[in-house]
Amino acid sequence: MSQTDRVTSSESTLRDQVRDEIRSRISDGRYPAGARLVEQRLADEYGTSRIPVREALRMLESEGLVVTVPRRGVVVASLSRADLEHLYNLRESLEAMAFRLAAARATPGEVRSLHRLLERMRAAVEGGDHREVVAVNTQFHSQVVEMAGNPYLGTALQPVDGRLRVMIGINHDYGRQFAEHEALIKAISDGDADRAAALAAAHVDASRHSTLDRYDEHGPAPAPAPGPITTPADADLRLLVVNPNISTSVSNLIEAEARRAASPGTEIVMRTAESGVAYIETRLESLLAGPAVAELVAQAGTTADAVVVAAFGDPGLPALKELVDVPVVGITEAALATASLLGARMSIVAISERITPWYRDCVERNGLLGRLASIRSLRDPLHGIGTVQDDYGPELVRLANQVVTEDGADVVILAGAPLAGLAREVADQIPVPVVDGVAAGIAQAEALVRLAPGPARAGSYAGPPAKAHRGLSPALAAALEAAQNRD
C-alpha cells in the first residue's frame, strides 16, 4: 500500500468512526430531533479535524438522519406523524418480504447465529445497556436481510431505516421486542415463510404504535430504561390462543393480531386444530371443530392462565368453560361484549352468506339479539381463506359503511379469524367504532386473569360429575378427570 493509500484509508476509517458515533448518539437520544450539529464543535469533541466530521455528516444526510437547513446548518432530522406512518408502512412491507425469503432459505448455521444475537440482546437489556440493545437489534434485522438473498432489498430498506433511526431512542418496549424476535427466529427455524412474514409485519406494526404513542410533534418523550426481559418462563401471564380452523394461514393472521393486542409481558401460545375444516361456516362444522379444540386445550390448558378460542362462533366454548379452571374467552363473546360497551346497536360484517344463520344463533346465545342491527356478508366465493383481506378489503369496508348508513349500527364487528387485524387498517374509513374479535378476546382474557375472579365450582359451568369414559386421548382424559374432581 502506498503512502497516499494509507492516508486515504486512515481518513476513511476516522470518517466512519465519527459517522458511527454521531449515528449512535442520534439513536439513543443524546442528539435529539432538531438539534444543531456544528462541525467545529463536533471536531473538538471527537478530537479530530473538521474534514472527517463534514464527510460523516454528508453520509448521515444521505441516510436521512440529518438535514441541512438554511441559516441553521446541519440539524438532526425530525419527522411528522404523517412521515412516520408512511415510512412504517413501507418498512412493514419490506421487512415482511425479508423474513419470508429468509425463512425459505435459512441454513442451520444462520439460525444459530440469530439465536446468539437473541442472547446478546437479553444480556444487553438485563444489563441496562441501551446502546448495545440498539446495536444488536440493528444487526439482527440486517442479518435477516442478508439471509433473504435479495441484494436490492437492503438497498431499499437503508433509507427507510435511516429516517426511522431518529425514533429508535423512544421506541423500546424491551420485553415485547425480545419476545417478537424469539417468535421470528422460531418461524425462520421452522421454515414457515408465511408465519415469518406475518410476524414481521406485526413486529413493525408494534414498533409503529410504540413510537407514535410516545411521540410528540415538539419532540420525543423519554424512553423507558432497560431492565429484566419478560420471557416465557417468567411472563406476567400466558394466553393459549386456539384456531379451531385447520388453516395455518389463518393462524398466522390470528397470531399477528394477538401479539399486537397483547400487553407487554403477555406470552401468546398459538395452536391450530389438527382436524376439522379449512374455515367454519356452519353449525355442523362448528361441531366438528369442538373435539379438536378440546384436545388442544387439554394438552396446554394447564400451563396457560387463560384460553382464547379464535374463531367467530366460539366452537365448543360453553363446554370448554367446564373443562378447565382458567378463564376461557371466545372471540365472538368478546367482540359482542366490547361492542355492547361502545354503542346501543351493533352490526356484524361476515365473510360469507352461509355463515349468517350460525352467527345469528351465536348473538342470541349471548343474549344480545335485541341489539343486533344486522349481519351483512360477502356474496362472492372466496379465492383463499388467508387472503380474504387482500381480495375483498374494499368490499368489506363498503359493507361496514352500509350497516351504519342503512341499518343504524353504532358499532361494527368485523367477524371471523380471517379478518384478524383488518379493523386496525380500516378504522379511519368507517364512521363508528370497529371491533376486531381477536384483539377483543386477548384484551378481555388479560382482564379476566388480572381480576382473578376464581374458577366455577358451582353453577352451570362447574366441572361435570365423575363417570366412566372411553376412547379419549391421555391428555383429554386427564383434563376431564381433573374437571370432574374440581373442588
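Predicted model: local features only at pLDDT ≥ 70, side-chain atom pairs only at ≥ 80, totals over all residues.
The rings of Phe 312 and Tyr 359 have their centres 4.8 Å apart and their planes at 65°, so the pair is edge-to-face. Distant parts of the chain are linked by this pair: Phe 312 lies in the loop between β7 (306-309) and α12 (317-323), whereas Tyr 359 belongs to helix α14 (residues 356-365), 47 residues apart.

A further ring pair involves Trp 358 and Tyr 359. Their ring centres are 5.8 Å apart and the planes stand at 40°, so this pair is classed as tilted. Trp 358 also counts as buried, at 6% relative accessibility. Through such ring pairs, Phe 312, Trp 358 and Tyr 359 are joined into a cluster. The count of aromatic pairs in the model comes to three.

Tyr 359 also features in the analysis of nonpolar packing. The largest nonpolar core has 65 residues, and those with the most contacts inside it are Ile 348, Tyr 359, Val 412, Ile 413, Leu 414 and Ile 442. Helix α15 (residues 388-405) supplies the largest share of this core, eight residues. Another core, of 32 residues, lies apart from it and includes Leu 94, Val 133, Tyr 174 and Phe 178. In soluble globular proteins, nonpolar side chains tend to be buried together.

The surroundings of Leu 414 were examined individually. When residues up to four places away in sequence are not counted, Leu 414 touches Val 349, Leu 419, Leu 422, Ala 423, Val 426, Val 434, Val 435 and Gly 437.

Helix α2 (residues 39-46) has both buried and exposed positions. Glu 39, Leu 42 and Ala 43 are buried. These residues cover an arc of only 100° around the axis, which puts them on the same side of α2. An α-helix has 3.6 residues a turn, so residues three or four places apart point the same way. Arg 41 and Asp 44, on the other side of α2, are exposed. Just after α2, Gly 47 adopts a positive phi of about 70°.

Notes
Residues numbered from 1 in each chain as written. Heavy atoms only, no water. Buried < 20%, exposed > 50% of the residue type's maximum accessible area, 1.4 Å probe, protein only. Helix = DSSP H or I, 4+ residues; strand = E, 2+ residues; numbered from the N terminus. Arc of directions from axis to C-beta. Core = buried A, V, L, I, M, F, W, Y, C linked by side-chain atoms within 4.5 Å. Contact = heavy atoms within 4.5 Å. Phe/Tyr/Trp six-rings, centres within 6.5 Å; stacked < 30°, edge-to-face > 60°.
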